[in-house]
Amino acid sequence: MGKLLAPMVGKVIDIKVKEGDTINVDDVVMVVESMKMETPIYATESGTVKELKVNVGDSINEEDVIAIIE
Amino acid sequence: MFETIRQIFIMSGLEELTAGHLVMWLIAAGLFYLAIKKQYEPLLLLPIAFGILITNIPVTGLMEEGHGLIWRFYHYGIDWEVIPPLIFLGLGALTDFGPVIANPKTLLLGAGAQVGVYITFFAALLLGFDVTEAATIGIIGGADGPTTIYVGSKLAPHLIGATAVAAYSYMALVPIIQPPIMKALTTENERKIKMTRLRPVSKLEKILFPIVTTVVITLIVPDSAALMSMFMLGNLFREAGVVKRLTEAAQNELMNIVTIFLGISVGATMTAENFLHPKVIFIFILGLVAFAISTVCGVLLAKLMNLFLKQKINPLIGAAGVSAVPMAARVVHKVGSEANRQNYLLMFAMGPNVAGVIGTVVAAGIFISLLQ
């Protein structure tokens, strides 16, 4: 089981996966807005999305856990 | 009957219309196209293009000294040096200095990218521009619109329109101009270098940073005070965390409002008699050269630093030393992400990016104190 950590600060504006989805390394998990621009956050490992820790509209900080991948 | 029509014709602007005006209409049309269809910096190019159009309609008196509506926007906003510092207030409120504080070495990259400013300054002198004009053109190399306008208003007001349009065009073209230079100067493996945060940065450090930086920089270069103090005040709003409403107003509403007046006033300085001049072509070419040299020097300086650093930095972030905030940082992020998807260089690139702003403002302050 792995944790997906936020690579940088920003605000979650779109979540591309649902709990239960199967994802691969480098798939887009969510989109974060930072410095008025949108940045995709890619999965760091393959697996099933066990839990999403954030909602659209949340502000995240570097190294926050944003999802649990199994 | 015929006499009445003749009278209307004379009262209208039609009689005063010149070929120069029509050329400026075409330029405005070109900028409308770039802004609306291509979406190149539309927030700025759209009001600028409209300003160009209406300033080149004769007899309207919109730019007439003392009376015209847009003259007033220009006079009280730009001549009085109010608008560029207000934009900086908003940029300060948008910037996270955390990565810079954690890794202050990256600030050096912002200095490297100022080389283009000085090289272009001397090139412009050699091409016959006078010293104040050369300084205004050189500043384009910093790719910093508000600073370019600020220097222009102090040193060479007749060039503001052309230099501002050049600066904003190049900023809009950052994603086209920079990546080929960045890729040519780096290897695939260098672009893949993943950067990690060196250490956590405390809230106290983030609050002290804008205060200490303001005192130090404005003591050393007093002429940078207007831009630098507003920039740091915006950042203090952000980091203090107790004035969320002010932070958001500076980032959004205030910045949007002044952007409207900045764009239309800058456009309106581009009258046919000011703009249709062989000098303007040189300004555009020199501006591009300045910008390219700044990018090259930033990347090369990053590679040079890597020779001495244990924990290598990704040399791409050197390109963010030009101060197009946050466009240059975004380009760095994208090019880095192409090489390695797990690479999130954005906030690391903000270090040199912000240092580039400081560097350009300092260069501007030096030019102004020496030349004014």
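A residue is called buried when its relative accessible area is under 20%, exposed when that area is over 50%, and partly exposed in between, as judged with a 1.4 Å probe on the protein chains only. The structure is a predicted model, in which local features need pLDDT of at least 70 and side-chain atom pairs count only at pLDDT 80 or more, while totals for chains, interfaces and linings use all residues. Residues are numbered from 1 along each chain as its sequence is written, chains are lettered from A and ligands numbered from 1 in the order in which they are written, and side-chain values use heavy atoms, with hydrogens and water left out.

In helix α16 of chain B, which spans residues 244-251, the residues Thr247(B), Ala250(B) and Gln251(B) are buried; helices here are DSSP runs of H or I with at least four residues, strands are runs of E with at least two, and both are numbered from the N terminus. These three residues lie on the same side of α16(B), because they cover an arc of only 95° around the axis, the arc being that of the directions from the helix axis to the C-beta atoms. In general, an α-helix has 3.6 residues a turn, so residues three or four places apart point the same way. The cover over the buried residues of α16(B) includes α5 (83-94), α15 (225-240) and α17 (253-268) of chain B.

A packing of two helices is found between α8 (residues 115-126) and α21 (residues 346-371) of chain B, whose axes are 10 Å apart and meet at an angle of about 35°. Such axes are lines fitted to C-alpha atoms, for helices over the stretch in contact, and the angles run from 0 to 180 degrees between N-to-C directions. In this pair, Val117(B), Tyr118(B) and Phe121(B) of α8(B) meet Ala363(B), Ile366(B) and Phe367(B) of α21(B), where contact means heavy atoms within 4.5 Å.

Gly298(B) is placed in helix α19 of chain B, residues 278-308, and counts as buried because its relative accessibility is 0%. When neighbours within four places in sequence are left aside, Gly298(B) is in contact with Leu109(B), Gly112(B), Ala113(B), Gly318(B) and Ala319(B).

Asp223(B), by contrast, lies in the loop between α14 (203-220) and α15 of chain B, and its relative accessibility of 27% makes this residue partly exposed. Although Asp223(B) and Val362(B) are 139 residues apart in sequence, their C-alpha atoms are 8.1 Å apart in space. Apart from residues up to four places away in sequence, Asp223(B) touches Tyr150(B), Gly365(B), Ile368(B) and Ser369(B).

Most residues other than glycine have a negative phi.

The contact between the chains takes 17 residues from chain B and 17 residues from chain A.
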